[in-house]
Amino acid sequence: MTGKAGDRVILESQRVGQAAREGEILETLQSGESVRYRVRWSDGHESTLNPSPGNLTIVPAGTGRKSRKG
């Protein structure tokens with residue numbers, strides 16, 4: 001599943017004991033088969049995210065359903 005603006009994301013930590021990060025997709029950036037997201041995190045910071053397979057959960061806007069990307 002590819003996320004779109006307004007969807008929520010949960011980025012799992014790759015370190016034991018570190019909490020996951022949550023944010024909102026502001027923009028989807030596609031280049032060929034590669035997808036990146038501009039995300040505003042819950043702490044107010046923004047970054048561009050190029051997710052690795054299996055570490056990003058996308059929660060479609062307006063739903064409580066979670067979809068696993070990767």
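Begin by selecting G54, which lies in the loop between β4 (46-49) and β5. The model in the viewer is predicted. G54 counts as partly exposed because its relative accessibility is 38%, a value between the limits of 20% and 50%. G54 and E12 are separated by 42 residues in sequence, yet their C-alpha atoms are 8.7 Å apart in space.

Now select strand β1, residues 8-11. Strand β2, residues 21-31, runs antiparallel to β1, and 4 bridges join the two. Within this pairing, L11 stands opposite R21 of β2. On turning to strand β5, residues 56-59, one finds that β1 and β5 are also antiparallel and are joined by 4 bridges. Here R8 has V59 in β5 as its bridge partner.

R21 lies over the face of W41, at 4.2 Å from the ring centre.

The last stop is D7, in the segment before β1. Is D7 buried or exposed? D7 is buried, because its relative accessible area is 0%, and the limit for this class is under 20%. Select K4 next: the side chain of D7 reaches the backbone nitrogen of K4 at 2.9 Å. Finally, display the residues that D7 touches. Leaving aside residues up to four places away in sequence, these are G23, E24, I25, I58, V59, P60 and A61.

Key:
Residues numbered from 1 in each chain as written. Predicted model: local features only at pLDDT ≥ 70, side-chain atom pairs only at ≥ 80, totals over all residues. Heavy atoms only, no water. Pairing = 2+ DSSP bridges. Lys NZ or Arg CZ within 6 Å of the ring centre and 35° of its normal. Buried < 20%, exposed > 50% of the residue type's maximum accessible area, 1.4 Å probe, protein only. Polar contact = N/O pair within 3.5 Å; in protein donor to acceptor, adjacent residues only side chain to side chain. Contact = heavy atoms within 4.5 Å.
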